[in-house]
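Me: Could you help me learn to read a protein model, one feature at a time? I would like the general idea of each feature and then the case in this structure.

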Amino acid sequence: MKTKHHGQMSESFLTAVFLSLSGGLQDAYTYLFRGKVFANAQTGNIVLLSSNIMDGQWDRVLHYLVPLCAFALGVLVAEKMRESFCNMQRLHWRQLVVLGEVLLLFIVGFLPQEQNLLANAIVSFSCAMQVQAFRKVNGYAFASTMCIGDLRSGVEAFCIWSKTHEPKVKDRMMRYFGIILLFAVGAGIGSMGAARLAGKTIWISCGLLLVSFALMFIREEIEENPAIEKNLAEIRQETREIDRTLKQELKEEREELHEELHEKLR
């Protein structure tokens with residue numbers, strides 16, 4: 001029976017491309033069209049929330065508090081989905097997250113500006129599910145819905161590469177800066193779309209997410225290639241053998257130490 005491996009299928013750079021474009025678009029959409037609320041950058045929402053509390057503008061407090069709470073809830077839901085659906089065969093649990101995002105964002109496109117509070121809450125919830133579900137690209141930690149962590153990692157990689165000139169470090173650096181650029185491009189698309197398509201701009205994000213959903217199927221088929229399966233099996237076998245060897249060596253060392261201790265005590 002062929003074993004399916006889903007661990008890396010949603011971590012390709014190509015998948016991250018469309019996730020980052022979508023993340024930038026969502027942030028621009030909520031800030032420019034939905035009342036200057038950040039869908040992803042909850043730090044900004046916390047700053048604005050605190051500022052309104054201090055100024056006594058209580059009518060604006062919910063404006064930022066609700067999306068903040070929705071973001072926290074989205075992280076919780078994504079984690080529960082991982083726990084509940086991590087062993088699915090036909091679909092990866094991250095694909096379910098993407099489908100959920102698409103459905104929610106499609107609904108947001110119908111909401112008038114009088115319901116901006118609800119719209120921002122839904123988009124923040126969706127963004128949180130995405131950032132919790134997609135946390136690596138080619139083995140490197142990344143965020144598709146915000147840039148601060150990617151910028152820090154990219155500059156760190158640049159500092160290392162400037163000293164070592166290692167190709168792998170350069171590749172990591174370029175990927176981080178590429179993701180930041182894509183996020184910016186997505187934000188630009190969101191800005192242009194908000195001026196032309198108004199609330200329906202968010203549907204562009206739905207299209208980008210559906211591309212990511214489809215790409216995960218392609219990655220799955222590649223990873224189930226018999227040659228790769230054989231290599232994975234060999235790696236597992238070697239790992240088990242190394243583990244047994246280490247355990248045996250540790251056991252022998254403990255016995256030797258025990259004998260030496262016993263002799264000293266006599």
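Me: In which helix is I189 found?
Reply: I189 is found in helix α7, residues 167–196. Helices here are DSSP runs of H or I with at least four residues, strands are runs of E with at least two, and both are numbered from the N terminus. Before we go on, this is a predicted model, where local features need pLDDT of at least 70 and side-chain atom pairs count only at pLDDT 80 or more, while totals for chains, interfaces and linings use all residues. Residues are numbered from 1 along each chain as its sequence is written, and side-chain values use heavy atoms, with hydrogens and water left out.

Me: Thanks! How many helices and strands does the protein have?
Reply: The secondary structure comes to 9 helices and 2 strands. Read from the N terminus on, the elements run α-α-α-α-α-β-β-α-α-α-α.

Me: Back to I189, then. Is I189 buried, partly exposed or exposed?
Reply: Start with the cut-offs: buried means under 20% relative accessible area, exposed means over 50%, and partly exposed lies in between (1.4 Å probe, protein chains only). I189 has 31% relative accessibility, so it counts as partly exposed. For the protein as a whole, 40% of the 266 residues count as buried.

Me: Which residues does I189 touch?
Reply: Contact means heavy atoms within 4.5 Å. Leaving out residues up to four places away in sequence, I189 touches L25 and I204. Across the protein, among contacts between residues at least 6 apart in sequence, 74% join residues at least 24 apart.

Me: How do I judge the span of α7, and what is its reach from its first C-alpha to its last?
Reply: The expected span of a helix is 1.5 Å times one less than its number of residues. α7 has 30 residues and reaches 43 Å from first C-alpha to last, close to the expected 44 Å.

Me: Which residues of α7 are buried, and what covers them?
Reply: The buried residues of α7 include V169, M173, Y176, I179, I180 and F183. Their cover includes α1 (13–33), β1 (136–137), β2 (140–141) and α6. For α5, 16 of the 18 residues are buried, so α5 is largely enclosed by the rest of the structure.

Me: How do α6 and α7 lie relative to each other, parallel or antiparallel?
Reply: Axes are lines fitted to C-alpha atoms, for helices over the stretch in contact, and angles run from 0 to 180 degrees between N-to-C directions. The axes of α6 (residues 148–164) and α7 come within 8 Å and cross at roughly 150°. Angles under 35 degrees count as roughly parallel, over 145 as roughly antiparallel, 65 to 115 as roughly perpendicular and the rest as oblique. The two helices, α6 and α7, are therefore roughly antiparallel.

Me: Which hand does that crossing have, and which classes of residue make the contact?
Reply: A crossing is left-handed if the near helix is turned anticlockwise from the far one by less than a right angle, and right-handed if clockwise. α6 passes α7 in a left-handed crossing. For classes, Ala, Val, Leu, Ile, Met, Phe, Trp, Tyr, Cys and Pro count as nonpolar, Asp, Glu, Lys and Arg as charged, and the others, Gly among them, as polar. The residues of the contact of α6 with α7 divide into 12 nonpolar, 3 polar and 3 charged.

Me: What is the angle between α3 and α4?
Reply: Helix α3 (residues 58–85) and helix α4 (residues 93–108) pack at about 140°, with axes 9 Å apart. That makes α3 oblique to α4. Their crossing is right-handed. A78, M81, R82 and F85 of α3 make the contact with W93, L96 and V97 of α4. By class, this contact of α3 with α4 has 6 nonpolar, no polar and 1 charged residues.

Me: Last one: what is the phi of H165, and where is H165 found?
Reply: H165 has a positive phi of about 55° although it is not a glycine. H165 is found in the loop between α6 and α7, and at 51% relative accessibility it counts as exposed. After α7 comes A198, whose phi is positive, near 55°.
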